[in-house]
Amino acid sequence: SCFYCGFFFCFVVVICFFFFKQKTAYEISACLVGSEMCIRDRVGDFDSSPVPEHTKELIMMPAHKDDTDTLAAIKIAMERGYTHLILVGAIGNRFDHSFSNVANLAYCLDRGVQAEIITPNEKLFISDGPFSFSGAGYGYFSLFAFGGVCRGLTIRGAEWELTDYDLNPATSMCQSNEVRGGECSISFREGRLLTVLSNDLQLRA
């Protein structure tokens, strides 16, 4: 059965990355919410790792190409009609790879596809409009202007609230805030926000 059930009557894709010498080979696990259908695809160039054992579709990519393996998998998922992507294991030991995967969240947003990165301790997503979230499972949240100034930022339901603030990308003004009252709401007039939900308690466990 499907292991992710979050959005009713929409397609969900989970992209799992396994890091080998910081090159990526990865598995796409996709399911249609509300059904028992589940397909598993493997995509990658496998230039620094062995080809994984597989019983389903294997997509081999050339080692020399314009797109990273991550972006290639995202494009395949979009071509197959999926509208919600979850990138698992996309934050590794190399900052350039991790930042590239964060930039891929914006690539998805530009094309009307919801995407998020999930690690054992964090959830990351980029938004271009108001949203809210609960503090359940995460002790802290940070907000960063992504790709330009985020204008009119207002934060409610947090330890440190803001009203109509212009958040510049070159600042850590909104790092390590905390939810208060069960739910936090974020709104802004212009720009994009990278949100990072994190839980340091799990890191110390």
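Modeller: A nonpolar core is a set of buried Ala, Val, Leu, Ile, Met, Phe, Trp, Tyr and Cys residues joined through side-chain atoms within 4.5 Å, where buried means under 20% relative accessible area, exposed means over 50%, and partly exposed lies in between, with a 1.4 Å probe and protein chains only. This is a predicted model, in which local features need pLDDT of at least 70, side-chain atom pairs count only at pLDDT 80 or more, and totals for chains, interfaces and linings use all residues. Residues are numbered from 1 along each chain as its sequence is written, and side-chain values use heavy atoms, with hydrogens and water left out.

Biologist: Which residues of the largest nonpolar core touch the most other members?

Modeller: That core has 22 residues, and the ones touching the most other members are Ile74, Leu85, Cys108, Ile117, Leu124, Ile126 and Leu194. At least two core residues come from each of helix H1 (69–79), strand S5 (84–88), helix H2 (95–110), strand S6 (114–118), strand S7 (122–127) and strand S13 (193–198); helices (H or I, at least four residues) and strands (E, at least two) are DSSP runs, numbered from the N terminus. H2 gives the most, with six residues. A second, separate core of 20 residues includes Tyr138, Phe141, Phe188 and Leu197.

Biologist: What does Leu124 touch, not counting residues up to four places away in sequence?

Modeller: With contact meaning heavy atoms within 4.5 Å, Leu124 touches Val102, Leu105, Ala115, Glu116, Ile117, Leu194, Thr195 and Val196.

Biologist: Why is H1 called largely enclosed by the rest of the structure?

Modeller: Of the eleven residues of H1, nine are buried, so the helix is described as largely enclosed by the rest of the structure. The buried ones are Asp69, Thr70, Leu71, Ala72, Ala73, Ile74, Ile76, Ala77 and Met78. Just after this helix, Gly81 takes a positive phi of about 90°.

Biologist: How do you know whether Phe131 counts as buried or exposed?

Modeller: The relative accessibility of Phe131 is 15%, and that value falls under the 20% limit, so Phe131 counts as buried. Phe131 is found in strand S8 (residues 131–134). Leaving out residues up to four places away in sequence, Phe131 touches Phe125, Cys184, Ser185, Ile186, Phe188, Leu193 and Thr195. One of these, Ile186, is 55 residues away from Phe131 in sequence, yet their C-alpha atoms are 5.4 Å apart in space.

Biologist: What makes the pair of Phe125 and Phe131 stacked or edge-to-face?

Modeller: Rings of Phe, Tyr and Trp (its six-membered ring) pair if their centres lie within 6.5 Å, and planes under 30 degrees apart count as stacked, over 60 as edge-to-face and the rest as tilted. The structure holds four such aromatic pairs. For Phe125 and Phe131 the ring centres are 5.5 Å apart and the planes stand at 80°, so this pair is edge-to-face. Phe133 and Phe141 form another edge-to-face pair, 5.1 Å centre to centre with 75° between the planes. Together, Phe125, Phe131, Phe133 and Phe141 form one aromatic cluster.

Biologist: How do you know whether Phe133 is buried or exposed, and what is the relative accessible area of Phe141?

Modeller: Phe133 has 9% relative accessibility and therefore counts as buried, while Phe141, with a relative accessible area of 1%, is buried as well.

Biologist: What makes S8 and strand S11 (162–167) edge strands of their sheet?

Modeller: Two strands pair if DSSP finds at least two bridges between them, and the open sheet of four strands has the order S8-S12-S10-S11, with antiparallel pairing. S8 and S11 each have a single partner strand, so one side of each is left without a neighbour in the sheet. Within this sheet, three bridges join strand S10 (residues 150–156) to strand S12 (residues 183–187), and Ile155 has Ile186 as its bridge partner in S12.

Biologist: How many bridges join S6 to S7, and over how many do S7 and S13 pair?

Modeller: Three bridges join S6 to S7, which run antiparallel, and these two strands form a hairpin with three residues between them. S7 and S13 pair in the antiparallel sense over six bridges, with Leu197 in S13 as the bridge partner of Lys123.

Biologist: Why is Thr195 called buried?

Modeller: The relative accessible area of Thr195 is 0%, which is under the 20% limit, so Thr195 is buried. Thr195 lies in S13, and, its neighbours within four places in sequence aside, Thr195 is in contact with Lys123, Leu124, Phe125, Phe131, Ser142 and Leu143.
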